[in-house]
Amino acid sequence: MAFKPNYEQQRGERNRAKELKKKERLLSRDEDAARRRAAGQDEAPAETPPAKQPTE
């Protein structure tokens, strides 16, 4: 006879997998950013002109 599904356990496994994937993605993004900074490609963007002041 088959067991009844344990939905809380299944949800916990999905949440753990989702968190692991999220951490791996963030780590990968951080490594890519550090690599770009080290290569000098991650320079500060050009300065934006100040916002126009409303004239009355």
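User: Before we start, which relative accessible area counts as buried, exposed or partly exposed?
Analyst: Buried means under 20% relative accessible area, exposed means over 50%, and partly exposed lies in between. Asp32, with a relative accessible area of 29%, is therefore partly exposed. Please note that this is a predicted model.

User: What does Asp32 pair with?
Analyst: Asp32 forms a salt bridge with Arg35, and their closest N and O atoms are 2.9 Å apart. In general, side chains of opposite charge can pair when their charged atoms come close.

User: Where do the two partners sit?
Analyst: Both Arg35 and Asp32 belong to helix H1, where they are 3 residues apart, or about one turn of the helix. An α-helix has 3.6 residues a turn, so residues three or four places apart point the same way.

User: And Arg35, buried or exposed?
Analyst: Arg35 counts as exposed because its relative accessibility is 53%.

User: How many salt bridges are there in the whole structure?
Analyst: The search of the whole structure finds 1 salt bridge.

User: Changing topic: what is the fold made of?
Analyst: The chain contains 1 helix and 0 strands. Helix H1 covers residues 7-39, which is 33 residues, and spans 48 Å from its first C-alpha to its last, close to the 48 Å expected at 1.5 Å a residue.

User: What happens just after H1?
Analyst: Gly40 follows there with a positive phi of about 80 degrees.

User: How much of the chain is buried?
Analyst: Of its 56 residues, 4% count as buried. The chain exposes about 6,300 Å², with carbon and sulfur atoms supplying 52% of that area.

User: Which residues form the patch of positive charge?
Analyst: Lys18, Lys21, Lys22, Arg25, Arg29, Arg36 and Arg37 gather in that patch on the surface. Among them, Arg36 lies in helix H1 and counts as partly exposed, at 41% relative accessibility.

Terms used. Residues are numbered from 1 along each chain as its sequence is written. This is a predicted model: local features need pLDDT of at least 70, side-chain atom pairs count only at pLDDT 80 or more; totals for chains, interfaces and linings use all residues. Side-chain values use heavy atoms; hydrogens and water are left out. Helices (H or I, at least four residues) and strands (E, at least two) are DSSP runs, numbered from the N terminus. The expected span of a helix is 1.5 Å times one less than its number of residues. Buried means under 20% relative accessible area, exposed over 50%, partly exposed in between (1.4 Å probe, protein chains only). Accessible areas come from the Shrake-Rupley method with a 1.4 Å probe; for residues, only the protein chains shown count as cover. Patches are made of residues with over 30% relative accessible area and no salt bridge: like charges are joined within 9 Å, nonpolar side chains (Val, Leu, Ile, Met, Phe, Trp, Tyr) within 5 Å. A salt bridge is a side-chain nitrogen of Lys or Arg within 4 Å of a carboxyl oxygen of Asp or Glu. Lys and Arg count as positive and Asp and Glu as negative; His and the chain ends are not counted. The place of a charge is taken as NZ of Lys, CZ of Arg, CG of Asp or CD of Glu.
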